[in-house]
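Subject: Structure handover

Hi,

Here is the structure I promised to pass on. Please open it alongside this email. My notes follow below.

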There are 2 protein chains.
Amino acid sequence: MGREPCIFGQPDCRSCHVFKHTDWQVLEGADLAALSDGVTRREYQPGEAVYSAGEPNRGIYCISGGALGIKKTDAEGNAILVHLAYPGETLGYRSFLQGGEHKTSAEAFEPSFVCHIKSDAVRRILGHNPKLGLQFLGRATRELEEAHEAMLQSSTLSNRARFIHLLALLLRRHGRRGPDGSGSIHLPLNRRDLAGMIGTRHETLSRIIGRLEAEGLANFSGREVHVANIGALLGEIGADAPPC
Amino acid sequence: MGREPCIFGQPDCRSCHVFKHTDWQVLEGADLAALSDGVTRREYQPGEAVYSAGEPNRGIYCISGGALGIKKTDAEGNAILVHLAYPGETLGYRSFLQGGEHKTSAEAFEPSFVCHIKSDAVRRILGHNPKLGLQFLGRATRELEEAHEAMLQSSTLSNRARFIHLLALLLRRHGRRGPDGSGSIHLPLNRRDLAGMIGTRHETLSRIIGRLEAEGLANFSGREVHVANIGALLGEIGADAPPC
DNA sequence: CGCCAGGTTGATTTCGCTCAAGCAATGTGG
DNA sequence: CCACATTGCTTGAGCGAAATCAACCTGGCG
């Protein structure tokens, strides 16, 4: 048989295991019922797109399991990864609100479960319940801050320092950390996407990884990474600054 | 005598000349009155800060005249300009919503008039009128898109191409354009800030400018710029792409 | 077996940063 | 009115980081 991309019926948001971490947690009563009525859950395999840039918006998505990447691509096909999305996050609210096409693509990095919510339902709730809009607003401002932080980093830090930052972040999210300051991780991304996250080419990333291994700071074997001393790794980037 | 930084009393938002371009345009009746009650207008001279990174948020701001720059600075003092703000725009809503300190600084580039709105007033309106929150949400998503666009550009385009983009944008906003495709502008920023907008050093920008002059694409004399053929300038960046 | 995608490595060159000096305009105090 | 500091901008030399082009390796798969 093998895997079939299963489409589930209407799950009930009230009993969803991530409900209290979502933007919808502020809803009650009729709004909550209306939400559940507009929801369909579906599984996505790695590499599969939830939506792609250029498509018209068809509603909003909410992640209930897995990990997704939000990519932006230019006319020449260069792609950067602008965000990693995890369970509880809302996707596609931007194009939903601006009423146009998706400007980014959302792609599963692991087998993921994503709920689709009908436009009508969201629009109706947004129109009379200020709380939901404020939740979205909070999400948007946090993402904006993340983007500004990335802009600052990309113009002040070296590629090497940015990659170390990224690695530390992925270790926190996806990794297993030992009590001795070590950590292991199965990377959810291939080298190209990893390079896209720090705004460089995959060849350059390959060299950076080679250097980190030579210095004994980390072991890479395909997507498996082992870091003996996370503190030493992070010390690297502090030491990048002038010893003033 | 000379100029004194004048603080005006409470202007009436309903009669403000930019009112219909602001986020507040959706307010009516009592909300509008409450807004006007919470407002103070004040003039800022070039270089003066409306708020600075690290300060606690004390309310939000609305620009009624001039031009401001939103800067983000890191620990080493490197600064980038993340946004140019014009009349009608709302400032400081991010830290206001997240309840913390300002993560960016807002600085006048021209003599500017900015209204301050008391936190209480905004919080009260946001709590019961969904429309205002949705306006803010729209603003946040547009800024987010702008930030993502900048991230993509900074990792795919050369400094030269980014500067040409910026120049074209400033020409649209601040410049006078002739019917023959020419354009003139008095730059609202010094070289350092200009460099900060494209994520490079001022020396590098200076060289880029020198090259553009040598190629006859633009004339720079201090902050005065004249472009003979905007089309040719923009053609440059299209031509940067491989002639495939 | 050949093909292909993902990854590594090498050689070369371009780009932009750093450090440093120089220059013009402006302001300041004696 | 002159010596002097200050600020904003430009220029030069040298260097290092990273992009580019290209070859090559590896494991999976029809």
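Start with the contact between the two domains of chain A. Nine residues of domain 1 of chain A touch seven residues of domain 2 of chain A. Keep in mind that this is a predicted model. The domain assignment puts domain 1 at 13-154 and domain 2 at 158-238 of chain A. Taken over C-alpha atoms, the centres of these two domains of chain A are 27 Å apart.

What does the domain 1 side of that contact consist of? In chain A, β5 and α4 (130-156) each supply at least two of its residues. β5(A) gives the most, with three residues. By type, the residues on this side of domain 1 of chain A are five nonpolar, three polar and one charged.

β5(A) also belongs to a sheet. That sheet of chain A is open and has four strands, in the order β2-β7-β4-β5, with antiparallel pairing. Its edge strands are β2 (49-51) and β5 (79-85) of chain A, and each pairs on one side only. On average, neighbouring strands of the sheet are turned by 30° against each other, direction ignored. β4 (residues 68-73) of chain A pairs with β5(A) in the antiparallel sense, over six bridges. In this pair, Gly69(A) stands opposite Leu84(A) of β5(A). A helix packs on the sheet too: α6 (residues 191-198) of chain A touches β4 and β5 of chain A. The direction of α6 makes about 90° with that of β5(A).

Last, the DNA. DNA strand D is surrounded by 17 residues. The closest are Asn159(A), Thr204(A), Asn190(B), Arg191(B) and Ser206(B). Elements giving two or more residues to this surface are α5 (159-174) and α7 (202-214) of chain A, plus α6 (191-197) and α7 (202-214) of chain B. α7(B) has the largest share, six residues. The surface near DNA strand D divides into two nonpolar, eight polar and seven charged residues.

Best wishes

Notes:
Residues numbered from 1 in each chain as written. Chains lettered and ligands numbered in written order. Predicted model: local features only at pLDDT ≥ 70, side-chain atom pairs only at ≥ 80, totals over all residues. Near = placed C-beta within 6 Å. Nonpolar A, V, L, I, M, F, W, Y, C, P; charged D, E, K, R; others polar. Pairing = 2+ DSSP bridges. Axes fitted to C-alpha atoms, helices over the stretch in contact; angles between N-to-C directions. Domains from an automatic or database assignment.
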